[in-house]
Amino acid sequence: MERDNSSSKRPVFCLKWPWETAIPNQNNPRSPCTLETPWLFRSFQNLTSLAVNFINTSPRSRNSPLGGTMGKKSSPEEQSTAEQGAFAAALASDKAATVLEFYSRKCQLCNSLSKFVAEVQKRNADWLNIAFADAEDDRWLPELQHYDIKYVPCFVVVDKEGRALAKTGVPYSRLHVVAGVSHLLTLGRPHREHNP
């Protein structure tokens, strides 16, 4: 009976350069130094690639004061006019506050928030309006300067007179932005008196 002594010939440790991970060892396909990513990191890589693919394929549709375009792509001028009209209508409404979201069409984080923003609007429709402003559109420059917008996405809660009550901080992650918006909603929500 012949024994396989391959385990005794394995090195104690293997050195592998990062650029060599994608290149299989052609000389010895069963090399003891073929290292795979640990299963935990592989699952993170898979989740990350799934999340990036989802973000890149999710459609970004902004709410329009004109009732939406239902699949019709509007020009930047039409989009800007609709957004500015929606903001003016939101300020003129009888609702207590308006959230103005500054976004960029090129921003993946901004694009990933569309369903979240729609849900926020639906849940707070009794007291809150939501309007959108494309930060790359020059027509929003006065608002960008007035509300000191230096990053996107940025959410600003404004009262009926257009005064800023609060705004979200620098967006480090999607979770950070969601937490910031949730905090804004608690700050901007009108206080209800409790009758005993």
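## Lys106 and Glu136

Glu136 forms a salt bridge with Lys106 (a side-chain nitrogen of Lys or Arg within 4 Å of a carboxyl oxygen of Asp or Glu). Their closest N and O atoms are 3.7 Å apart. Glu136 sits in the loop between β2 (128-134) and α5 (141-146), and Lys106 in the loop between β1 (97-103) and α3 (108-112), so the pair ties together parts that are 30 residues apart in sequence. Helices (H or I, at least four residues) and strands (E, at least two) are DSSP runs, numbered from the N terminus.

Glu136 is partly exposed, at 44% relative accessible area. Lys106 is exposed, at 67%. Buried means under 20%, exposed over 50%, and partly exposed in between (1.4 Å probe, protein chains only).

## Basis of the model

This is a predicted model: local features need pLDDT of at least 70, side-chain atom pairs count only at pLDDT 80 or more, and totals for chains, interfaces and linings use all residues. Residues are numbered from 1 along each chain as its sequence is written, and side-chain values use heavy atoms, with hydrogens and water left out.

The structure holds seven salt bridges. One of them joins Asp159 to Arg163, with the closest N and O atoms 2.8 Å apart. Another joins Glu161 to Arg163, at 3.1 Å. Asp159 is buried, with a relative accessible area of 11%, whereas Glu161 is exposed, at 56%. Shared partners join Asp159, Glu161 and Arg163 into one network.
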